[in-house]
Amino acid sequence: MTTVAENKSGLAILFILFGVLAISVNDMLIKQLSGQYPLHELVFLRSVLGLAFSVFLVQMEGGWRILKTRQPVLHAIRGLLIVAANMSYFAALAALPLADATALFFAAPLLITLLSIPILGEKVGILRMTAVLVGFCGVILMQRPWAGADTLEASRLVLLLPVFAALMYALNQLMTRKLGVSSKASALSVYIHMSFIVVSLGFYLVAGDGRFAAGTENASVEFLLRAWIWPVGIDWWFILGMGANAAIIGYCLSQAYRIADAATVAPFEYVGLPLAVFWGWLIFAQLPVWEVWAGIALILGSGLFVFLREQQKARVVARGPIKRQ
């Protein structure tokens, strides 16, 4: 017989896998549209659509009353963290191959494991800590500190954007774990979409005419600040797909981290690595260089080790102390 905790962990893993699949599709669509539209416009449109889907889920999970919260400030901070994570990561997608940006972003599960110590009070042993350090060696390898600027796909600053996004995302997911005790997953998703809408409208009011993008040669800056334009043709279907994905991502990730320990859920996000390589090869005809392959191997190996150690610890705790007869 399985325990309630084991059942919740299994359900959380299903949520995170489905959410990661939606993330990989979303990233592919964002990169596909990054050459024509400004980032804040895409974020606004997908968030409006995602909010509509999330409101539907709110009705299924209890109605408008579940949107009431006694912690509005913490929800606002969480929303700003995920906005910062998404905006910086999407800006990097305009200049980096999909697999490279995704692999660098996958410092997030390592950061979640590391930050769960001071924030959630979770225990991380010496072996798991060593695995986390090995994973960070993979991140450094992908940064190629020995390479000259002329041999890199983008500037050093752009290469750091996915790592910054990973830090913001890790803090967001740890806050989800805390806030999820008193908030439904659909409500958490609604708060996130509202944060995106407010921030993207702010970008529109300040830079929606594209005046700050004039003359720039940096693909990430241009993607972030170019002028809004009306979507045409098949792009509307891409944007609709992003909206549906936004709702799926917001709900699935919130639910996964709400019902299970962060260290149990986080390693399954590594499924996004092979998915990113697949989309990059299929859609953009891009494959990683050897440093990125090596970094992926280190990050993936360390993440899987952390997960296996966590599961081993969970089984020991579930069995309890051995009683003498």
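Residues are numbered from 1 along each chain as its sequence is written. In this predicted model, local features need pLDDT of at least 70, side-chain atom pairs count only at pLDDT 80 or more, totals for chains, interfaces and linings use all residues, and side-chain values use heavy atoms, without hydrogens and water.

**View 1. The largest cavity has a volume of about 450 Å³.** A cavity is a set of points, on a 1 Å grid over the protein atoms alone, where a 1.4 Å probe fits but cannot get out; lining residues have an atom within 4 Å of a point. Volume is the space filled by probe spheres set on the points, which are joined across faces, edges and corners. The lining has 29 residues, with Ile-23, Asn-86, Tyr-169, Ile-249 and Leu-253 nearest the centre. α3 gives the most, 6 residues (helices are DSSP runs of H or I, at least four residues, numbered from the N terminus).

**View 2. The second largest cavity has a volume of about 50 Å³.** Its lining includes Pro-109, Val-132, Tyr-270 and Gly-303. Two or more residues come from each of α5 (108-120) and α13 (290-319). α5 gives the most, with 3 residues.

**View 3. The second largest pocket holds about 160 Å³ of space.** A pocket is an open set of points with protein on both sides within 12 Å along at least five of seven lines. Of 13 lining residues, Met-87, Ser-88, Ala-91, Leu-161 and Leu-224 lie nearest the centre. α3 gives the most to this lining, with 4 residues.
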